[in-house]
Amino acid sequence: MSVNLEPLDSGVQIPYHFRCPISLELMREPVTISTGQTYDRTSIESWFAAGNTTCPVTRAPLSDFTLIPNHTLRRLIQDWCVSNREFGVERIPSPTQPAHPSVVRTLLNQASSERSTSQSRISALRRLRRFAADSDKNCSLIGSYNVRRILLHLLFDPNSDCFELKHESLALLVCFSLAESECVFVASEPERIKYLSRLMFHSSIDVRVNSAALIETVVSGTRSQELRAQISNVDEIYEGVVDILKSPVSSPRSLKVGIKALFALCLVKQTRHKAVAAGAPEILIDRLADFEKCDAERALVTIELLCRIPEGLAAFAGHPLTVPQLVKPILKISDRATEHTAGALWALCSESEECRRKAVAARVLTPLLLVVQSDCTERAKRKAQMLLKLLRDSWPQDCGGNSDDFAWSELVVPF
């Protein structure tokens with residue numbers, strides 16, 4: 001077999017027979033079908049789930065849809081990953097066996113039965129959580145057995161004083177999406193929200209993050225503005241979310257959950273001042289560089305939302321790194337991120353001469369001119385133009401028309 005190597009952005013070349021013919025990505029769990037062709041399990045299962053009854057490569061019709069694990073190829077791929085780890089390639093884990101429906105049913109019965117001991121119920125929930133973490137397929141299987149209703153009962157059971165059982169129920173519950181009726185069940189009872197807000201100050205960072213995750217799910221999944229406002233009106237919730245973002249032991253998951261929760265809460269206009277009072281502006285600027293791409297986008301949207309209230313503007317303007325940190329992401333994350341960054345900078349510079357000076361010092365002209373010339377959204381371009389017009393009088397005289405790269409007079413005509 002000739003080995004055709006295709007270069008990756010990282011500089012590592014993957015042998016073509018290690019790639020799935022469907023996704024063209026490195027196979028994590030290679031399986032062979034009846035035609036002898038090998039695919040990544042996730043890709044070929046999606047192919048069959050879409051109603052296809054042929055082999056993707058040979059186009060031969062299939063009567064047998066059995067997937068046979070290709071252990072030899074998987075071990076070769078794992079060896080290749082290990083030999084290339086110096087280039088940042090991570091070893092793919094050995095696949096776990098999918099959960100059997102009868103085992104899942106037994107564990108759910110054990111967890112929900114009041115006749116079972118607390119320790120056996122906790123043990124059952126932990127096994128279910130491990131199954132759910134192993135694969136999306138296991139998660140779907142567990143979710144098909146009305147697990148959310150069971151977990152909501154265990155979490156909010158007023159007659160139970162077994163905190164560990166409640167915490168394990170919460171940890172498993174956040175693995176699933178909730179229906180709106182389930183979100184309303186949580187949101188409509190103030191005591192349930194207060195209980196979750198107390199958990200956000202638990203000694204365990206995992207319990208705190210799981211509580212924030214459930215709150216974000218409930219706020220995002222509830223269409224009732226009244227219920228959303230009722231949740232976000234609890235001071236401790238904002239304080240808890242900000243505390244998660246401040247934590248020195250924050251993991252990528254805790255940062256992701258924290259910013260998702262803060263964003264969802266800040267969509268409620270009338271309680272944004274509580275986010276400011278809890279210290280959200282400071283932590284958003286301090287943590288902005290630590291977020292992954294999609295989370296950085298949420299953070300920038302949240303910053304612009306908080307800049308729409310006087311308290312938020314004052315807090316951001318008072319942070320010495322706000323303007324420099326907001327200039328950096330322009331055109332580097334996404335069009336949406338650029339749009340909201342420009343919006344936040346415009347709000348700040350409209351209110352503060354000091355912010356205008358800082359924006360000029362941070363060399364914001366070049367990225368803003370690039371936004372106007374780019375394929376960004378019209379809203380992003382409009383906000384960039386508004387900011388350019390605002391900063392025109394603050395720019396040093398020698399930058400007005402003598403830029404080596406841009407003709408200021410030409411690009412500012414649209415104003």
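Is Trp 80 buried or exposed? I looked this up before anything else. Trp 80 is buried, at a relative accessible area of 12%. I take buried as under 20% relative accessible area, exposed as over 50% and partly exposed as in between, with a 1.4 Å probe and protein chains only.

**Ground rules**

I am reading a predicted model, where local features need pLDDT of at least 70, side-chain atom pairs count only at pLDDT 80 or more, and totals for chains, interfaces and linings use all residues. Residues are numbered from 1 along each chain as its sequence is written, and side-chain values use heavy atoms, with hydrogens and water left out.

**Overall layout**

I counted elements next. The chain has 23 helices and 5 strands. Helices (H or I, at least four residues) and strands (E, at least two) are DSSP runs, numbered from the N terminus. I then boxed the C-alpha atoms along the principal axes and got roughly 75 × 65 × 40 Å. Of the 415 residues in the chain, 49% are buried.

I also checked one separation. Leu 173 belongs to helix 7 (residues 163–173). Leu 173 is buried, with 1% relative accessible area. Ala 296 is 123 residues from Leu 173 along the chain, and their C-alpha atoms are 26 Å apart.

**Aromatic pairs**

I searched the whole structure and found 4 aromatic pairs. Rings of Phe, Tyr and Trp (its six-membered ring) pair if their centres lie within 6.5 Å; planes under 30 degrees apart are stacked, over 60 edge-to-face, and the rest tilted.

Trp 80 came up again here. Its ring centre is 6.2 Å from that of Phe 18 and the planes meet at 75°, so this pair is edge-to-face. Phe 18 sits in the loop between strand 2 (13–15) and strand 3, and Trp 80 sits in helix 2, so the pair ties together parts 62 residues apart in sequence. Phe 18 is buried too, at 6% relative accessible area.

I moved on to Phe 156 and Tyr 195. Their ring centres are 6.3 Å apart with planes at 75°, so I noted this pair as edge-to-face. Phe 156 is in helix 6 (residues 147–156) and Tyr 195 is in helix 9 (residues 190–199), so the pair ties together parts 39 residues apart in sequence. Both residues are buried. Ring pairs join Phe 156, Phe 185 and Tyr 195 into a cluster.

Which residue has its charged end over the ring of Tyr 195? I found Lys 166 there, 5.7 Å from the ring centre. Arg 192 lies over the face of Phe 185, 3.9 Å from the ring centre. A charge sits over a ring if NZ of Lys or CZ of Arg is within 6 Å of the ring centre and within 35 degrees of the ring normal.

**Largest pocket**

I looked for open space. The largest pocket holds about 700 Å³. On a 1 Å grid over the protein atoms alone, a pocket is an open set of points where a 1.4 Å probe fits, with protein on both sides within 12 Å along at least five of seven lines; lining residues have an atom within 4 Å of a point.

The lining has 24 residues, and the closest to the pocket centre are Glu 29, Arg 41, Pro 95, Thr 96 and Ser 135. Strand 3 (30–32), helix 1 (41–49), helix 2 (71–83) and helix 5 (136–143) each give two or more residues. Helix 1 gives the largest share, 4 residues.

**Cysteines**

How many disulfides are there? I found 0. A disulfide needs two cysteine sulfur atoms within 2.5 Å. The closest cysteine sulfur to that of Cys 266 is in Cys 307, 11 Å away, which is too far for a bond. Cys 307 is in no disulfide either, with the sulfur of Cys 355 nearest at 8.8 Å. Cys 266 is buried at 0% relative accessibility, and Cys 307 is buried at 4%.

**Positive phi**

Most residues other than glycine have a negative phi. I noted two residues with a positive one. Leu 331 has a phi of about 65°. Leu 331 is in the loop between helix 18 (322–327) and helix 19 (335–351), and is partly exposed at 36% relative accessibility. Arg 363 has a phi of about 60°. Arg 363 is in the loop between helix 20 (353–361) and helix 21 (365–373), and is exposed at 64% relative accessible area.

Key
Points joined across faces, edges and corners; volume = space filled by probe spheres on them.
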